[in-house]
Amino acid sequence: MHVLTVPETLDERSFETLAADLARADGSRVLFDARRVRWANPYGLVGLLAAGAVARQRSGDAPHLQAPESTDVAHYWARMNFFVHAADVFEPSRLARALRRPAAGESDALLEITSVRSPEDVHDVVDRVRERAAAILGHRLNYPPSAVVQFSVILSEVCQNVVEHAGAEGWVAAQTYNWARRLGRVVAVIAVADVGMGFRGSLAAEHARRYGERWSDATALEAAFLHGMSRYREPGRGQGLQGIRKHVARWNGEVLIRSGTARIAAVPDWDDLPPLESGLAEFPGAQIVVVLPEHKADDTKRP
Amino acid sequence: MVEPAFIDLVALLRKSVTTLYSDLVTRPTGRAVRLGIEQQLGSAPGPCVSVIDFSQVGILDFSCADEIVAKLLLRYRAADRPAEAFFFLRGVAEHHREPIDCVLDRHGLLLGAEVRTGERLLLGPASDEVRRLWHGLEELRRATPADLARRLGIAEPAAQAGLAALAGHRAAVQGPAWQYVALGALVSGAAL
């Protein structure tokens, strides 16, 4: 049994520690020890489900998960429907207590963790998030009503990425929180994760030959994210990610996509992420996070 | 005679994919709606201007805009088009514009539309002169290149070339005796 300690803060940055540790499991059954987790954002939660699914694929056995000891954290995970989805990924016996834990009060999530398998799921997600998005984006992020539609379009396109390109199930979640330490503002975060074929696998048949030896996870991400290339020959394909980049840039937000051993990002001035990284720990599929910061009256960029 | 054919996208969406949603999202949804439009056009007795109504549409994403708007225009612009059809959008909201403009730009297509304020616009990547010609033709409803050249203060060959380009994009109809007819006029039931 390989014991993997889940980082105390679980987000798109610390996910790299999790992925690297998972790579060291080398096909053994895994125990994800999340007892000391103190905070997780939507990327951390859907990323943990994805990591559990990968551990299951590699070892052939359902991994174990030890739920957070902190009552607040466990309640939050319950409100985000994490344990409901975890029961399909992790060994259910250890989750029994967590699953019995009642979610304290109404969920304050923008979108609880939701499985994405089909176009119908995408319709459902877009429909479900509409009213909450209108209230939250307007009141907490000071976005105009038109931004709610653009938010839904982003949500639709990131979910479709799973349906059309992953060839596997994925999960989506969205939440708002005060990102005091990094940004000093409220942010809305959308995260999507799948463990499917990833960008390199999806684009290989159509584009790998042209890149020759340079073909890699990083070049596949560049091709899709920067140049709008798609696995399909039709010229109209690949516009979804381009549209997301455009919307997110308008709000001075950030988009980060991880696939295989690389990640690419549209980085705003408030962050210091490198725009492209390669040589990361191998992790299948694609994981996307979109961060939209609160708008303030003296901002030059207007949503 | 070019007859108008009115297509309510949300009614068609509910019929094509048996859903209660009013959002046009995902590529398969767009494909189903486009096939529904093509089916309706296939049963038209002759040439028609298809008025695609966005009034009840909530969200339109890029994938759906590509399937419904761009692919429809491309198919009916092709020499082997299945029927003689022109397209005009109605009830287009501000938030529909971005995905529609994006797919028209990507494919180099032009399309006339009436937005929710009632204003008529030529969408897509047109030069200023072609855009002025389109607006001029919409105002006059039908005109020759000479008529528009006089009205807009441009050379007649330039008006001729611009109108031919609009007709090539099927954003205007070339009628008899060098007359061009605005799609907006045909939508209102004017004869060719």
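User: What makes residues 1–125 and 126–192 of chain B two domains?

Analyst: The bounds come from an automatic or database domain assignment, and for chain B that assignment gives domain 1 (1–125) and domain 2 (126–192). Taken over C-alpha atoms, the centres of the two domains of chain B are 22 Å apart. This is a predicted model, in which local features need pLDDT of at least 70 and side-chain atom pairs count only at pLDDT 80 or more, whereas totals for chains, interfaces and linings use all residues. Residues are numbered from 1 along each chain as its sequence is written, chains are lettered from A and ligands numbered from 1 in the order in which they are written, and side-chain values use heavy atoms, with hydrogens and water left out.

User: How do you know that domain 1 of chain B is in contact with domain 2 of chain B?

Analyst: Contact means heavy atoms within 4.5 Å; by that criterion 26 residues of domain 1 of chain B are in contact with 22 residues of domain 2. The area buried between these domains (the accessible area, 1.4 Å probe, that two parts lose on being put together, summed over both) is about 1900 Å², and carbon and sulfur atoms give 65% of that area. Phe86(B), Arg120(B) and Leu122(B) supply 33% of the area that domain 1 buries against domain 2, more than any other three residues.

User: Why is the pair Glu138(B) and Arg120(B) called a salt bridge?

Analyst: The rule asks for a side-chain nitrogen of Lys or Arg within 4 Å of a carboxyl oxygen of Asp or Glu. In Glu138(B) and Arg120(B) the closest N and O atoms are 3.3 Å apart, so the pair qualifies. Two salt bridges are found across the interface of domain 1 and domain 2 of chain B.

User: What makes strands 7 and 8 of chain A a pair?

Analyst: Two strands pair if DSSP finds at least two bridges between them, strands being DSSP runs (E, at least two residues) and helices likewise (H or I, at least four), numbered from the N terminus. Strand 7 (residues 170–179) and strand 8 (residues 185–194) of chain A are joined by 10 bridges, so they pair, and they run antiparallel. Gly170(A) stands opposite Asp194(A) in strand 8 of chain A. Both strands belong to an open sheet of seven strands in chain A, in the order 6-7-8-12-9-10-11.

User: Why are strand 6 and strand 11 of chain A called edge strands?

Analyst: Strand 6 (111–116) and strand 11 (276–277) of chain A each pair on one side only.

User: How many residues of each chain take part, and how much area is buried between chain B and chain A?

Analyst: The contact takes 22 residues from chain B and 28 residues from chain A. About 2200 Å² is buried between the two chains, 53% of it on carbon and sulfur atoms. In chain B, Tyr21(B), Phe62(B) and Arg106(B) lose the most area to chain A, together 30% of what that side buries.
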